[in-house]
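Here is a friendly walk through the inside of one protein chain. Take a look at the sequence and the structure first, then read on.

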Amino acid sequence: MILDRHERINTAEIQARLEKVAETGSVEPEKPPFPAEEITEFIDMMQVYEGAMYEISTKLEVLDSEFHVHFAHDPIHHMERRLKSVNSILGKLQRRGLPMCTKSIRDNLFDVAGIRVICNYRDDVYSVANYLSSQSDIQVLRVKDYIKNPKQNGYRSLHVIYAVPVFLSTGEHYTPVEVQFRTIAMDYWASLEHALRYKSNLPDAKLTEHSQTLLDCARSLQNIETQMQNIHRDINGAPQQEEAPTSQAFDPKR
C-alpha cells in the first residue's frame, strides 16, 4: 500500500507561491527573495524530483512482489511518499545560510523527494535496502544506520539517499531521493516521539518524563523485535540481512 503525502504537482500553486516570495521575501523577510527568473526552472526541477520518487517507489513495489512469489512473504507493509513544500525547501536553505536559487537546492538538499518504507521485520529493512542498492541504475549517495546506532532519544531507522535516473527529452538526470526504512514498531514509536516533540504544548517536566518513557519503550521494542525476528527466521525462508548498503561516490554520468 502506498500513501501519498502530497497531490501531484500543482504548477500554478507553486508558481504563485514562488512569485510571492520573489516579490516580498516573505519566508524570512530580512533574507534575499527567491529570484523571479528561476521560477520556471524551479517548477521543472520539482517535476524531476517527483519523477525520481515514483521511479524508486515502483522499484520497491516490484521487489515486494518478487519476495511474495519466492518466499510467500511481503517485506513491505506500506510506503509513504512526499515532496517537500516550497516553504519547507526555502526555509531549509535559509536556516543553513545557503543561496536562494535552484542550483543551491540541487547541490545541497538531498531530501526534497522522500519515501518512507515500513517493513515487517528488521531483516526486511536490510534486505529491501540492499536489493534496491544493487540495481544497475541506482547509486547510493549516503547511508545513516540508526538501527545499529540509535539516536540518543531512542530513534531507530535506516536512512539511505539514492540517486536514480529520470529520463526527459533532454536526456537522463540522476536525481536524489531519501528513503527511510523502518519496521512497523520503529514507525509507530517515531510517530509518537515526533508528536511529543513538535506538536505538544506540554510543560517541560511532563515533556522530560514522557521522553524518558519513550526511550525506555524504544529499548523494550528493540528486544521484542529481536525475539519476533528470530521466530520469523525459523518459520520463513526469506533472506536474512544484518548490514546496511554501502555508499558510493556520485557519478552523474553512470
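## The main core

In this predicted model, the largest nonpolar core is built from 49 residues. Those with the most contacts inside this core are F42, I56, L60, Y162 and F181. Helices and strands both contribute: the elements giving two or more residues are the helices α1 (11-24), α2 (39-71), α3 (86-95) and α5 (122-133), along with the strands β2 (76-83), β3 (113-119), β5 (158-168) and β6 (171-183). The largest share comes from α2, which supplies 13 residues to this core.

As background, nonpolar side chains in soluble globular proteins tend to be buried together.

## A closer look at I56

Which residues does I56 touch, once its neighbours within four places in sequence are left aside? They are I115, L132, I138, Y162, V164, V177 and V179.

## The chain as a whole

Stepping back, the protein chain holds seven helices and six strands. Their order along the sequence is β-α-α-β-α-α-β-α-β-β-β-α-α.

How much of the chain is buried? Of its 254 residues, 46% count as buried. The accessible surface of the protein chain is about 13,400 Å², and carbon and sulfur atoms account for 51% of that area.

Terms used:
Residues are numbered from 1 along each chain as its sequence is written. This is a predicted model: local features need pLDDT of at least 70, side-chain atom pairs count only at pLDDT 80 or more; totals for chains, interfaces and linings use all residues. Side-chain values use heavy atoms; hydrogens and water are left out. A nonpolar core is a set of buried Ala, Val, Leu, Ile, Met, Phe, Trp, Tyr and Cys residues joined through side-chain atoms within 4.5 Å. Buried means under 20% relative accessible area, exposed over 50%, partly exposed in between (1.4 Å probe, protein chains only). Helices (H or I, at least four residues) and strands (E, at least two) are DSSP runs, numbered from the N terminus. Contact means heavy atoms within 4.5 Å. Accessible areas come from the Shrake-Rupley method with a 1.4 Å probe; for residues, only the protein chains shown count as cover.
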